[in-house]
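User: I'm new to reading protein models. Can you take me through a few features, one at a time?

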Amino acid sequence: MLFNSLEFIFLFLPVALLGYLGLRKLSGQTHIYVWLTITSLVFYSWWDSTMSWLILSSILVNFGIGRALKNTNHSRMLLIFGIVANLAPLTYYKYSGFLYENFMAILGDSTPIESYILPLGISFFTFQQITYLIDAYKGEAKDYKFFHYATFVTFFPQLIAGPIVHHSEIMPQFDQKRSTFNKLLENIAIGISIFTVGLFKKVVIADNLALLASPVFQTSLTDPIEFFTAWTGALAYTFQLYFDFSGYSDMAIGLARMFGIILPANFFSPYKATSIIDFWRRWHITLSRFLKEYIYIPLGGNRKGNVRRQTNLMVTMLIGGIWHGAGWPFILWGIIHGIYLVTNHLWIKAKGQWSKKKQPYSNVIGGVITFLAVTVAWVFFKAETLSSAIHILKGMTLLNGMEIPKALFPFNIDLSHIINFQTVIGGGHAFAWTWLQIFIAASICLFGRNTIEIFSDYKPILETALLEKIPPLLRFRPSLAWSFFISVLFYASLCQMLGEKSSEFLYFNF
C-alpha cells in the first residue's frame, strides 16, 4: 500500500488512527502494541501478501536472539549468528541473481536469469533489526515483550523506506502516559499538515519531473544523447529523487506524529550542502548514521592513520552503494562517493596547511561543485547499465553535440565548428516548459525552507539541533492562512492522484 494512494488516505489511515486513539483512551498499552502490529502487517501485506512470512519470521528470529543476548555467556558468537541470519535473506533476494550472472559471465555464459522479486522494505527492516541486536549486545536495548518489539519493526510510517531508527529512540515514546485531548488534536493537526506537504512533493512535483527524466534515460540505453537532453535527464532525475525522498520523509514524519511519535530526521536540504561531507550529513541521515556507527567506526574510523581512514571511507561508501542495489551502476556510484569523500578530507587537510582564513564566496563555490558532483553521480544511480550512464555523461560534456529549437536561437550563426551546434525545427514550447520546471524545482531545493524548518516550533524531529528558527512569516501557525495553504496543497495532490495511477517511491526499490 502506498502513502500516496486513495485507499491508504481514505480507508487504511482513518481506521488505523481511530483504533489507536480509541485504545489509548479505553485500554492498556499491550492492546495498543497488538493493534499497531496488526495494522502495520496489513499495510505490508496489502502490497504482497506472499512475503508476509518473511517479515514475520524475521521478527520472531530477531526477538529470540535479542532476548538470548541478554542471558548468555556467548553473546559475541550469538550476535555474529544474528547478523548473518539477517543478511542471508537480504543477500538471497537482492544479490544472488547479480552474483550468479557475473559468475557465469566469467565462465563465458552471458545468459540472463530471472531476478527474484525483492520483498518490500527488506533493506530497511534488516538494518533496523541489526541495530537492535547490536544495541542488545551492548546492553543498550531494553527488554521489551514480543508485541513491543514487533511494533518497533513494523510501525508502518517508517517500515518500507525508513528512517532506520534505534530501539531507544522510538519505543519509550509509545510508553508515554496518555496525552491530553489538546495535545492529541495538536499532534493530528501537525501530522496531517506535514503529511500533506510531503504528499504534494511526491505526486505533484516528483512524479511530473519523472516524466522528463525517464524518457531520457530510456533513450540512453541504445542511443547517444545530445547536450541539452542529457542535462534535462540528469537534472530532472536529480530533483525528482530529491522531492520523492523528501516527500516520503515528510509523509513518514507526519504519519508518525498523528500517533504521537516523533521520528529522527532523515532528510535536511541536502542540495544546500557546501561539501560532500556536508551532503552526507543531510541526505538519508539515518543510513549515514548506520554506516558510520556499524561499519566505518568498527573498521577503525579515523583512529589508525590517514591512509587507513581513507580506506575505511572507501569501504563504507562501497557498502552503501551495494546496499542501494545489486548492479554495477550502484557499485560505481558508491565508489564515486567514496572518492568524493576522500578528496574532500584531503582538501580540508591541505587547505588547513595553506591558510586558516576563510576565503570569500567559498561556500558558494563549494555548493556549486558539490551539487554538480552529486548530479554526475546520480547518473550512475539512475542508469540501468554502464553504457547508458556513459551516453548521458558524454552528452553532458558536449561530446555528442548540442541541439536547440530554432525558435529559441533565431540568429544565423554557424557554431558547428566550435561545439557541434545545430538548430532543429519545432519543440520550442516544450523546451522552454521543460527548463522552466527544472528551474522552479531547483529554486525550491536551493533557496526554499524545508519542512523541518517550517514546522520547527512544533518539534517535528528528534534532533533539536536542526530546529533553527526562521522568519516568523515562513513558520507554520494554526491560522486560517496556513489552513487554506495546506488545503490547496492537498486538493492539488488529490487532483493529480485522481488523474493518474499512484507511483512507487523511488526508495521502495532499495
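User: Which residues is Thr37 in contact with, leaving aside its neighbours within four places in sequence?
Analyst: This is a predicted model. Contact means heavy atoms within 4.5 Å. Here, Thr37 is in contact with Phe147, Ala150, Thr151 and Thr154. Thr37 itself lies in helix H2, residues 29-47. With Thr151 there is also a polar contact: the side chains of Thr37 and Thr151 are joined at 3.1 Å.

User: Is Thr37 buried or exposed?
Analyst: Look at the relative accessible area. Buried means under 20%. Thr37 has 4%, so Thr37 is buried.

User: And where does Gln176 sit, and how accessible is Gln176?
Analyst: Gln176 is in the loop between helix H8 (167-174) and helix H9 (181-219). Gln176 has 42% relative accessibility, so Gln176 counts as partly exposed. Gln176 and Gln29 are 147 residues apart in sequence, yet 9.5 Å apart in space, C-alpha to C-alpha.

User: How many cavities of 30 Å³ or more does the structure hold?
Analyst: A cavity is space where a probe fits but cannot get out. This structure holds 3 of 30 Å³ or more.

User: What about the second largest cavity?
Analyst: Its volume is about 40 Å³. Helix H12 (residues 285-296) gives the most to the lining, with 5 residues. By class, the lining has 4 nonpolar, 3 polar and 2 charged residues.

Notes
Residues numbered from 1 in each chain as written. Predicted model: local features only at pLDDT ≥ 70, side-chain atom pairs only at ≥ 80, totals over all residues. Heavy atoms only, no water. Helix = DSSP H or I, 4+ residues; strand = E, 2+ residues; numbered from the N terminus. Buried < 20%, exposed > 50% of the residue type's maximum accessible area, 1.4 Å probe, protein only. Polar contact = N/O pair within 3.5 Å; in protein donor to acceptor, adjacent residues only side chain to side chain. 1 Å grid on protein atoms, 1.4 Å probe; cavity = no way out; pocket = protein on both sides within 12 Å on 5 of 7 lines; lining within 4 Å. Points joined across faces, edges and corners; volume = space filled by probe spheres on them. Nonpolar A, V, L, I, M, F, W, Y, C, P; charged D, E, K, R; others polar.
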